[in-house]
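Dear colleague,

I am passing on the structure we spoke about, and my notes on it follow below. Please read them with the model open beside you.

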Amino acid sequence: MRHDGFSVYLLDEPGGPKVEISVTVNGVSHTSDVEPRTLLVHYVREHLGLTGTNIGCDTSSCGACTLHLDGEAVKSCTVLAVQADGHDITTIEGMAAADGTLHPMQQAFMENHGLQCGYCTPGMVMAATSLLLENPNPTEHDVRIGLEGNLCRCTGYHNIVLSVLAAAAN
Amino acid sequence: MTVTQEPTRVIGQRLLRREDPALLTGEAKFTNDLPVTGALHLAVLRSPYAHARITSVDVSGALAVPGVRAAYSGADLSDQWGGPMPCAWPVTDDMKNPAHYPLATSKACYAGDGVACVLADSAIAARDALEAITVQYEPLEPVLDLEDALSDRVVIHDDLGTNTSYTWNLLVEDHDGAVDEAFAAAAHTVSERYIQQRLIPMAMEPRAVLAMPQPFGGDMTLYSTTQIPHILKVMVALTLGIPEHQMRVIAPSVGGGFGSKLNVYAEELLCVALARKHGVPVRWNEDRSENAMATIHGRGQVQRIELAADADGKLTAIRVRLIGDMGAYLQLVTPGIPLLGAFLYAGVYDLPKAYDFSCTSVFTTMTPTDAYRGAGRPEATFAIERAMDSLAAKIGVDPLELRRRNFIAVEKYPYEAYSGLVYDSGNHDGAATKAAEMLGYDELRARQGTQNANGSNKRLGIGVTSYFEMCGLAPSRVLASLNYSAGGWEAATVRVLPTSKVQVVTGSAPHGQGHETAWSMIVADKMGISPDDVDVLHSDTAIAPLGLDTYGSRSLPVGGVAIAMACDKVIDKAKQIAAHQLEASADDLEYAGGEFSVRGSPDKTMPLAAIAFEAFTAHNLPDGLEPNLEAQVTYDPPNFSWPFGTHMCAVEVDTETGQVDVLKYVAVDDCGVQVNPLIVDGQVHGGVVQGIGQALFEEAVYDTDGNLKTSTLAEYLVPAASDVPPIATGHTVTPSPTNQLGVKGIGEAGTIGAASTIINAVVDALSGLGVHDVPMPASPHNVWTAINAARANASGNNTIANNNNIGGSQ
């Protein structure tokens, strides 16, 4: 059997009812038709091609898919795309400045070797940025508690914690 | 060979990683991120039974699901395989190895074993269609306990007639009977049994595969999140009958491996076979539950270790008996994992030739095991370091003092061990002394005496581990003696481009280790140029055709050294060009700071940039010299590398709740010369936390039917930031004399040192209560149970004490 070649990589089941949503992602407005069951993480990855937001589990445990919804960190696997209708989303692709300058949190992760394989990193950066908005002067303990919803298997968290503290100090 | 005398400028600096900007911004592409239109999505139906005969498979229901293009049983695809899935390490000539195919046909041997598959236009359609496949099973008894497996009460692979895969022995005796004599004559002996629980590697990126066929051109490209693109290419070609020269494997950004991506997996073979069959791209993305079930597990051993010692506590003999849990099948290097530890049960200690190791490995109806960070060496280190604490307790000496009495003395290096292996360099007392200072060992011991004597419910414990890591796999001839099917060399190419920028091609494929940064630093120092002028190419068999990939802490001591050697060859060739152009004898030329100069004539110089352009134009080269400036080296190391160190920690154990708090963790690791100390520390941090994970949190738990209960990250406790302490790292530097950089590996050291450090501390905290051992993971429940069992034992009551006794009198 020969594949017809027309289908594209979508996690939506084709043919179901669609809902129109309007979202602003990294400052750009998008209007899209999505399945009601489409998760926000699949929307940004599959519909918008923003693959920096990663998927690491299926139980909302790992935090790899963390992005900002109206400036607050959310695990995008726990939000439906339709719930983001009318809202403002920032993904890891929207963190660096237009001139290529890294966001201070990205810069802090780089300077403190806060990443190794980099798979948890986008979620970690988004969670850490949100953490500092809530608590601009965290202790080491605050950072560890604040990031406990984001798992990393490479760094042992030591340098992630240093990164966040360094970003806070700046 | 001596360490290079050249002054280094870049090696040793904490250079920030060039890999980071792409990873920090979402620019880096993992396999699942690759945009491909027209791909079919694979989904695999997995056995819900741990052990069952498959009596029929009906996929017709799946074909009716919208979007489904094909569905297959194992039998439907039997014509696709040129042979069974590969096991590259037949450790004994009579090792039993059951035929293992990407989909099972007659029997499912673990919960998660693939039995059928679907191809559909979308991943969700493929997944939905699995539910429309009907499989008739005849359930059989699971085999979950290693000693039960050994009994052959239930035989898993009928044609083998036994669950025992192999028995492998390493008996080294000065004379026949030396081990028995030493035990008979010993002033002190200990005999301990430890369980190395099964662990799930849980790399943050689950596996992902994309096979791209070229139906008319004939080539096949496999993208996979793998540690081993080169080995995978050979194995896929052999297993599927694809001519190797038409097979290309690319590992894009890889989100961690820890050994779990050092394999040839069913889904990789399925994607390639089905892409070939259908002539379209086929992709598969593993979800986390599949990752827990269908990606290899680590550890899984029952260990019996016996130590014999003289009156001073000096070791006189060691006897080890292992049962290794292979799981349902042998994956790529499954049977070899216990052997990687077989040479390390004497740790860093000066043992006479009286060593008796034997491992019997068995099949069980659980996920296959294979390499997980450290692979055999954490298990060995755990056993000897736990047993040393038992010996210290028996003799009544401080655990650190007992270790000092047994350390191989620094002046004995290079040291030929009882096994015949030569340990390259070491200074165990130096590392232990530094760790003790960093921890505040003496002060903590004093505080412990006070704190634990006053009946506090928060008992203080101190743990010590001194370890050796046998890594840098490996001298090919040694691997041959262990029946390993491949070599242990690594390849490197260094190429100076016409504009004098340098390309390095490495066969060691990284997955988070920072090879691009570290390799550029080696080249910068060797060639006297900026690391910014060096690019590092890797992880694509069309770009880097030769290599043996990344595992076993081999990248730097094998692959990095190969790069340094290739730089030497490039400089040698450049020198011939410079000599020709400067009309000087090559013997009179010196190379430093990126240029050649003529000794005694400092004004006669030629920079590398000019030589590179001359090599490119080839207008004026010495007679017979080929144009261009590049060199390839394949380096087979003369020895393993032997990093070592001492880890120490202080823990507080709450005797009412069983909670263990790690107050302080100190890791002193000696990996020889450090190319990038920033990266070294990062490797240690992560390794230690994985060891702490084994000690305190992690365990693959099966129910009595053989179902994996810890199949998600909600149940399998990968440590979170709030679970672990900061890791204080310290280093001593004892260069390896076996390579020109003086380097050793560091990837696994943290994990090798950590688990016994933690458990020694927990037991140390509780020894005053009569606790002799605590099983891993030392969860609150396990600790609490151990405390209560000891109390019941102390009060002459053999049953577990009831809750009223918690926190009672000490």
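Predicted model: local features only at pLDDT ≥ 70, side-chain atom pairs only at ≥ 80, totals over all residues.

On the backbone of Asn483(B), which lies in the loop between α14 and β19 of chain B, phi is near 70 degrees, a positive value in a residue other than glycine.

As for the chain as a whole, chain B contains 20 helices and 28 strands. Its radius of gyration is 28 Å, close to the 28 Å that the globule rule gives for 810 residues, so chain B is as compact as a globular protein of that length. The C-alpha trace of chain B spans about 95 × 75 × 55 Å along its principal axes.

One part of chain B that I looked at in detail is an open sheet of four strands, in the order β21-β20-β19-β25, with mixed pairing. Because β21 (534-537) and β25 (629-635) of chain B stand at the edges with a single partner strand each, one side of each is left without a neighbour in the sheet. On average, and with direction ignored, neighbouring strands of this sheet are turned by 15 degrees against each other. Strand β19 (residues 490-496) of chain B pairs with β25(B) in the antiparallel sense over seven bridges, and Ala491(B) stands opposite Thr634(B) in β25(B). Helix α15 (residues 515-527) of chain B packs on the sheet, where it touches β19, β20 (502-506) and β21 of chain B, and its direction makes about 135 degrees with that of β21(B). Helix α16 (residues 555-582) of chain B also packs on the sheet, touching β19, β20 and β25 of chain B, with a direction that makes about 145 degrees with that of β25(B).

Turning to a pair of helices, the axes of α10 (residues 377-395) and α19 (residues 749-766) of chain B come within 8 Å and cross at roughly 30 degrees. Since angles under 35 degrees count as roughly parallel, α10(B) and α19(B) are therefore roughly parallel to each other, and α10(B) passes α19(B) in a right-handed crossing. The residues that meet include Phe382(B), Glu385(B) and Arg386(B) in α10(B), and Ile752(B), Ser756(B) and Ile759(B) in α19(B). By class, this contact of α10(B) with α19(B) has six nonpolar, five polar and four charged residues.

Finally, there is the contact between the chains, which takes 60 residues from chain B and 59 residues from chain A. On the side of chain B that touches chain A, the elements that give two or more residues are α1 (20-25), β3 (68-73), α3 (123-130), α8 (288-294) and α18 (677-697) of chain B. Of these, α18(B) gives the most, with six residues. Sorted by class, that side of chain B has 32 nonpolar, 19 polar and nine charged residues.

With kind regards

Key
Residues numbered from 1 in each chain as written. Chains lettered and ligands numbered in written order. Contact = placed C-beta atoms within 7 Å. Nonpolar A, V, L, I, M, F, W, Y, C, P; charged D, E, K, R; others polar. Axes fitted to C-alpha atoms, helices over the stretch in contact; angles between N-to-C directions. Parallel < 35°, antiparallel > 145°, perpendicular 65-115°, else oblique. Left-handed = near helix turned anticlockwise from the far one by under 90°. Pairing = 2+ DSSP bridges. Rg over C-alpha atoms; globule rule 2.2 N^0.38 Å.
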